[in-house]
Amino acid sequence: MELTAVSSSLARAGYVLPQLPALPSSSGAPVALPVSSPDSAETTKASSFLNADTLALTGRLAGHTAGSGFATYRYGAQIGTQMKEVYLGLKNGGPAGTESALINAKGLAMSSIRGAGLAGLISAGTSAIANGLGVVKGKTDSQTAISNVLSDTMTGTIGGLGAVTIGGAGNLALASFGVVGLPLTIATVALGAAGGTLMGHLLHKGRNPETNPETDTPSLKTEGNSPS
């Protein structure tokens with residue numbers, strides 16, 4: 001009552017009082033206003049980051065990059081040399097040149113296969129860690145996790161084949177321009193890692209054409225999951 005009387009006196013004196021929102025209370029008791037927890041926003045962000053899609057995407061990209069880069073580091077220069085020898089054999093011609101080209105072509109194929117296998121192995125391990133974390137956190141089920149790992153292994157292997165091929169060709173081209181030593185190694189690995197990651201991404205996108213309309217990224221198999 002005292003508050004109402006003061007308000008009326010101020011209004012008669014010409015003061016304009018702000019309109020206060022009515023509180024939903026029927027008993028007249030003070031109503032506590034909702035207060036958001038300071039940790040709720042951070043918890044929501046962490047939960048949305050550790051959802052099944054993000055974990056699978058992170059594992060796939062990390063695996064493709066690491067696998068392609070390491071495979072190129074291991075076989076890139078060797079493949080570049082073998083490419084050069086095949087070219088020289090074909091250029092020289094004759095029985096000796098043809099035989100040399102065939103021998104080096106066989107070695108080139110074997111090196112490429114070994115590089116692809118190494119890239120696929122690393123992709124499988126990285127994907128298994130990421131998807132295993134999703135299973136432990138309850139973000140995905142084991143069947144979906146296994147499917148993701150198998151898919152990442154396949155795309156990582158094919159991407160690795162492209163990585164060592166691109167890295168070898170880049171190594172050969174850069175060496176012809178006089179690049180040697182550590183700069184040549186770094187450039188070769190960078191070319192292979194970028195090429196293998198891009199190829200793996202395109203392969204995955206081709207196998208999973210459905211896209212997220214908000215991010216325009218390939219949708220991942222996370223049926224039965226509801227990110228918390």
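Let me start with a definition: a residue is called buried when its relative accessible area is under 20%, exposed when that area is over 50%, and partly exposed in between, with a 1.4 Å probe and protein chains only. What we have here is a predicted model, in which local features need pLDDT of at least 70 and side-chain atom pairs count only at pLDDT 80 or more, while totals for chains, interfaces and linings use all residues. Residues are numbered from 1 along each chain as its sequence is written, and side-chain values use heavy atoms, with hydrogens and water left out.

First, the overall picture. The protein has six helices and zero strands, where helices (H or I, at least four residues) and strands (E, at least two) are DSSP runs numbered from the N terminus. Of its 228 residues, 30% are buried. If we take contacts, meaning heavy atoms within 4.5 Å, between residues at least 6 apart in sequence, then 74% of them join residues at least 24 apart. The protein exposes about 14000 Å², and carbon and sulfur atoms supply 67% of that area, as computed by the Shrake-Rupley method with a 1.4 Å probe, where for residues only the protein chains shown count as cover.

Now to the surface. Met154, Ile158, Ile166, Leu191 and Met199 form a nonpolar patch with about 360 Å² of accessible area together. Such patches are made of residues with over 30% relative accessible area and no salt bridge, nonpolar side chains (Val, Leu, Ile, Met, Phe, Trp, Tyr) being joined within 5 Å and like charges within 9 Å; a salt bridge is a side-chain nitrogen of Lys or Arg within 4 Å of a carboxyl oxygen of Asp or Glu. Helix H5 (142–176) and helix H6 (181–207) each supply at least two residues of the patch, and the largest share, three residues, comes from H5. Met154 lies in helix H5 and is partly exposed, at a relative accessible area of 37%.

Which residues form the aromatic pair? The structure holds one such pair, and Phe70 and Tyr73 form it, tilted, at 6.3 Å centre to centre and 35 degrees between the planes. Rings of Phe, Tyr and Trp (its six-membered ring) pair if their centres lie within 6.5 Å, and planes under 30 degrees apart count as stacked, over 60 as edge-to-face and the rest as tilted. Both residues lie in helix H3 (residues 52–92), three residues apart, about one turn of the helix. Phe70 is partly exposed at 43%, whereas Tyr73 counts as exposed at 57% relative accessibility.
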